[in-house]
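Subject: Structure for your files

Hello,

Please find the structure below. My notes come after it.

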Amino acid sequence: MDLLITNGTTSAKLSDKGIITADFDEGTPSLSLNTKSFNGRNGKLNFGGNYSEKKLTYTGYMQTSSQSDYEAKRNWLYQFLGSATAYYITPIYSDGSLYGFERPGQSTGSKLGQAGGTESNKRFYVTLDDTFVPELAGSVNNVQLYKLNISFVTAALPFGETKPKTATVTNAITYAGTVKASQLEVPYYIQLVAQQAASTISLKIGSRTWIYNGTVANGDVFKIGGVYNLKNTLSVNDNTNLEYFVLDPSISGTVAVTCSITATIEIHDYKELYL
């Protein structure tokens, strides 16, 4: 296991600094329900709810060869993880067998080393949830081990999220997330290039239908962003029903798309979100 830290254009794995990952875990996001009770009526009415934040925990061990090495690695950790600016963390794991057996001396290499691994398909946009201090755990072959217990909390969306994707759409959008992705929360947009003349456009994605009423010429480019609607870079909000799209999770892992005219449709910068 390992943990990849991405802060802006800078990325580094904790193993790059001799840190061994022992455990990484995530909890479900905290949920605030909107309910109301009435006198004379049993139970309560549930009007849905909102997710506020997700917490994640990391446990690992930092190897140091001297006090100077400890100071340098601790400073690096504090700089990278203690930033007031949020950053992404991505778990790296192995798909190998959980338990392996070998005779002493059967293979070579550092027992504390890590190599390879597979990046998780989701990452988390976080800051520290609390302060942390490396705790001395012991010494092995003149190498000091410090235990790290680090807590993170999401800084924006309380979900795991994939990297932004762009795809050409025919009759469906691939969406493997486990929670809905709304254009009001994830700033993805739909680009529609008309392949025919028309006087109106109706575009349905999932259960929501966006409608444009106005002249449409072959080659016109529409950019539908939820809070904005552009036709050839000019705003046409007043000519639409001001609809926004939501990608809902499903068993099939797809969201149906239908359009009233012949057009080339692309979805830009969308993310799959995971509880």
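This is a predicted model: local features need pLDDT of at least 70, side-chain atom pairs count only at pLDDT 80 or more; totals for chains, interfaces and linings use all residues.

Residues are numbered from 1 along each chain as its sequence is written, and side-chain values use heavy atoms, with hydrogens and water left out.

Overall

The protein has 25 strands and one helix (DSSP runs numbered from the N terminus: H or I of at least four residues for helices, E of at least two for strands). Its radius of gyration is 25 Å, well over the 19 Å that the globule rule gives for 275 residues, so the protein is more spread out than a compact globule. That radius is taken over C-alpha atoms, and the rule is 2.2 Å times the number of residues to the power 0.38. The C-alpha trace spans about 80 × 60 × 40 Å along its principal axes.

Of the 275 residues, 37% count as buried (under 20% relative accessible area, with exposed over 50% and partly exposed in between; 1.4 Å probe, protein chains only). Among contacts with a separation of 6 or more, 73% come from residues 24 or more positions apart; contact means heavy atoms within 4.5 Å.

Ser-83

Ser-83 sits in the loop between α1 (67-81) and β7 (87-93). It counts as buried because its relative accessibility is 19%. Its side chain reaches the backbone nitrogen of Thr-85 at 3.0 Å, a polar contact (a pair of N or O atoms within 3.5 Å; within protein, one must be able to donate a hydrogen and the other to accept it, and residues adjacent in sequence count only if both atoms are side-chain atoms). Not counting residues up to four places away in sequence, Ser-83 touches Asn-7 and Tyr-78.

Asn-121

The loop between β8 (118-119) and β9 (124-128) holds Asn-121. With a relative accessible area of 48%, Asn-121 is partly exposed. Its contacts, leaving aside neighbours within four places in sequence, are with Glu-161, Thr-162 and Tyr-274. With Tyr-274 there is a polar contact between the two side chains, at 3.1 Å. Asn-121 and Phe-159 are 38 residues apart in sequence, and their C-alpha atoms are 13 Å apart in space.

Regards
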